[in-house]
Structures are given as C-alpha cells and as structure tokens.
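Please keep the sequence and the model in view while reading.

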Amino acid sequence: MSNPYNNLLTKHSLTPAARTASANGTGVDRAVSGSLFQDALIVISTGTVTDGTHTFEVQDSADNSTFAAVADAYLQGAEPAVTSSNDETVYEIGYLGDKRYVRVITTVASATTGGLYSAAVVLANPRVAPVVRS
C-alpha cells in the first residue's frame, strides 16, 4: 500500500483557463473521502502569459467559507508573480498548515489578453489508506 496511487490524490483549485481577471480557486478538502491527508503540495502550471501580472496566493480555511492568506512560515517555496518573462513553468509550494481546506487565488493586474494557467493541490500522507477515488 505504500505507493503513490494509494497515498496521493490531486484536486483542482483553479481549473485550466485563460484568465484576464482575478479568480478564487475552489477549496480543496484535506479530509476528502475520510482519508485525512496530513500534507499538501500546491502545483501551479502556467502556459503562455501574454500580458499582465498574475500573482498567486495560497489560502486556507477551517470551514471552506472564510479563507485567509497562509503565513509564509507555513509555506515551503514562494508564491509566484507570473508575467510573460517567467511563464510556461511549473511552480511548487509546500503547505505546512493545519487547516482543513486549502485553495489558490490569483490577482491579475494590467491584463488585456492575460494568461493560461491552473493550480492543483496534491494531497499526501493520508491517515486512512488506500485513497478512495471517485
């Protein structure tokens, strides 16, 4: 049972899209299907960004309603600000907090045609394995 398929689960927070405006991702439940995941890795995948600055932020919540920015002390790696000069990259951020829900938001400034990207949360280290997939 100690293999990635049984112990990891990936959920979208920001679905793949071309964006010209700020967006709030969907909250990802770390207790999904009773697995009680202890760890999370945020994966931001960027395609072509033609203009603007797209600043990403990891947020967490106890109730999937009231979200707040995660303090830097609870993150591994940096939340990127993506422009046309650092696009087409995969960014990874470790989440060390203890809140049940995690999401990614993006704040967009000065975009006309925008950029293509997504953000996923890779849940890891479940207390109950194997992971249940639906």
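Two strands count as paired if DSSP finds at least two bridges between them. In this predicted model, Thr 10 has Val 122 in strand 11 as its bridge partner.

**Overall fold**
- Read from the N terminus, the order of elements is α-β-β-β-β-β-β-β-β-β-β-β.
- The radius of gyration is 15 Å, close to the 14 Å that the globule rule gives for 134 residues, so the protein chain is as compact as a globular protein of that length.
- Along the principal axes, the C-alpha atoms occupy a box of roughly 45 × 30 × 25 Å.
- Of the contacts between residues at least 6 apart in sequence, 81% connect residues at least 24 apart.

**Surface and burial**
- The protein chain has an accessible surface of about 6,800 Å², and carbon and sulfur atoms account for 50% of this surface.
- Strand 11 is mostly covered, with 10 of its 12 residues buried.

**Strand 11 and its partners**
- Strand 1, which spans residues 8-19, runs antiparallel to strand 11 and is joined to it by nine bridges.
- Strand 4, comprising residues 37-49, also pairs with strand 11 in the antiparallel sense, over 10 bridges.
- Ile 42 has Val 121 as its bridge partner in strand 11.

**The aromatic pair**
- The structure contains one aromatic pair.
- Phe 56 and Tyr 117 form this pair in an edge-to-face arrangement, at 5.0 Å centre to centre and with 75° between the planes.
- The pair links distant parts of the chain: Phe 56 belongs to strand 5 (residues 53-61) and Tyr 117 to strand 11 (residues 115-126), and the two residues are 61 residues apart.
- Phe 56 and Tyr 117 are both buried.

**Charges over rings**
- The charged end of Arg 103 is placed over the ring of Phe 67, at 4.1 Å from the ring centre.
- Arg 133 is positioned over the face of Tyr 5, with 4.0 Å to the centre of the ring.

Key
Residues are numbered from 1 along each chain as its sequence is written. This is a predicted model: local features need pLDDT of at least 70, side-chain atom pairs count only at pLDDT 80 or more; totals for chains, interfaces and linings use all residues. Side-chain values use heavy atoms; hydrogens and water are left out. Rings of Phe, Tyr and Trp (its six-membered ring) pair if their centres lie within 6.5 Å; planes under 30 degrees apart count as stacked, over 60 as edge-to-face and the rest as tilted. Helices (H or I, at least four residues) and strands (E, at least two) are DSSP runs, numbered from the N terminus. Buried means under 20% relative accessible area, exposed over 50%, partly exposed in between (1.4 Å probe, protein chains only). A charge sits over a ring if NZ of Lys or CZ of Arg is within 6 Å of the ring centre and within 35 degrees of the ring normal. The radius of gyration is taken over C-alpha atoms; the globule rule is 2.2 Å times the number of residues to the power 0.38. Contact means heavy atoms within 4.5 Å. Accessible areas come from the Shrake-Rupley method with a 1.4 Å probe; for residues, only the protein chains shown count as cover.
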